[in-house]
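Walk through the fold below one residue at a time, then step back to the whole chain.

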Amino acid sequence: MSKCPGLYFDIGKRAKDVLHKNYAHQPPIHYHYQFMDWNLDLSCQLDAIVPGLRSICNFTIPDSGKVELQHLSNYTGITGCIGLIGKVDGGYEPVVNFSGLIGTNILSLGANVAFDISSREIKTINTGFSLNTDFFVASMTMHDKFDTMKASCYHEVNPLTKTAIAAEVKHSFSMNETGITIGAQHAMVPSTTVKAKLDTNGKVGALIQQEIWQRCCISMAGEMDFRAESKVPKVGLSLALKP
């Protein structure tokens, strides 16, 4: 069995996939046409440049884009990337990002640092650790220069039906606010997966993902904020094509 801990962004990934992946979210900068907001995600990966090294290109048009190198070994996972992040008031910020993870596939800890080239300032400092077992997965991370703490847990109930439950606790020290999100997923048939979540801010979300062919998936998601003045649900549709 490989002892590779993965990458820093794998910390809490299973819980994040249940609670956030493919829901009706948009990046900060996106296109707008009539009543629709939309963006385009493109990515490609080149493996085995040299043993343990691979390259990934990700573009979220028009929000951001990056080129990343990843190196994986038995006890470390290191990434370095350079990219552009769009600004709401126009233009793009060039950012250099480094992250590292050390440990095993059971217990690991790491950090992530992003540097804004134009302003010569540290944009992001994140740290975290993860515990992975066959029965339970837990993680804790610090964000926003140690002002925000996130703790998550994930439990797979039935691997045959992809049934799993997850929870996330987020606390802001500066605002002294705590939020909790819980959710679950289940595959009704091997090609159809449903998810649902709710949080303490009054938001409820659900989605259904249908695999049409082996390389094509369609996801339809909805979200409603019961605390908002206008209780009109948000609906999103995404199409994913895999190489």
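**From single residues to the whole chain**

Threonine 141 is found in strand β10, which covers residues 137–143. Helices (H or I, at least four residues) and strands (E, at least two) are DSSP runs, numbered from the N terminus. The model is predicted: local features need pLDDT of at least 70, side-chain atom pairs count only at pLDDT 80 or more, and totals for chains, interfaces and linings use all residues. Residues are numbered from 1 along each chain as its sequence is written, and side-chain values use heavy atoms, with hydrogens and water left out.

Threonine 141 has a relative accessible area of 10% and therefore counts as buried; buried means under 20% relative accessible area, exposed over 50%, and partly exposed in between (1.4 Å probe, protein chains only). Its side chain makes a polar contact of 2.7 Å with the side chain of histidine 143. A polar contact is a pair of N or O atoms within 3.5 Å; within protein, one must be able to donate a hydrogen and the other to accept it, and residues adjacent in sequence count only if both atoms are side-chain atoms. Not counting residues up to four places away in sequence, threonine 141 touches Tyr8, Ile11, Thr127, Gly128, Thr148, Met149 and Lys150, where contact means heavy atoms within 4.5 Å.

One of these partners, Tyr8, also belongs to an aromatic pair. The structure holds two such pairs. Tyrosine 8 and phenylalanine 9 form an edge-to-face pair, with 5.6 Å centre to centre and 85° between the planes. Rings of Phe, Tyr and Trp (its six-membered ring) pair if their centres lie within 6.5 Å; planes under 30 degrees apart count as stacked, over 60 as edge-to-face and the rest as tilted. Tyrosine 8 is buried at a relative accessible area of 5%, whereas phenylalanine 9 is partly exposed at 39%.

Threonine 163 is found in strand β12. Its relative accessibility is 18%, so threonine 163 counts as buried. A polar contact of 2.6 Å joins its side chain to that of threonine 161. Beyond its neighbours within four places in sequence, threonine 163 is in contact with Glu156, Val157, Asn158, Gln185 and His186.

Which residues make up the largest nonpolar core? There are seven: Ala15, Val18, Leu19, Val137, Tyr154, Ala164 and Ala166. The elements that give two or more residues to this core are α1 (13–19) and β12 (163–172), and the largest share, three residues, comes from α1. A nonpolar core is a set of buried Ala, Val, Leu, Ile, Met, Phe, Trp, Tyr and Cys residues joined through side-chain atoms within 4.5 Å. In soluble globular proteins, nonpolar side chains tend to be buried together. Alanine 164 is in contact with Tyr154, His155, Glu156, Val157, Gly183, Ala184 and Gln185, leaving aside neighbours within four places in sequence.

Valine 95 lies in strand β7 (residues 92–103) and is buried, at 7% relative accessible area. Valine 95 and alanine 24 are 71 residues apart in sequence and 27 Å apart in space, C-alpha to C-alpha.

Over the whole protein there are one helix and 17 strands. Of its 243 residues, 32% count as buried. The C-alpha trace spans about 45 × 45 × 45 Å along its principal axes. Among contacts between residues at least 6 apart in sequence, 31% join residues at least 24 apart.
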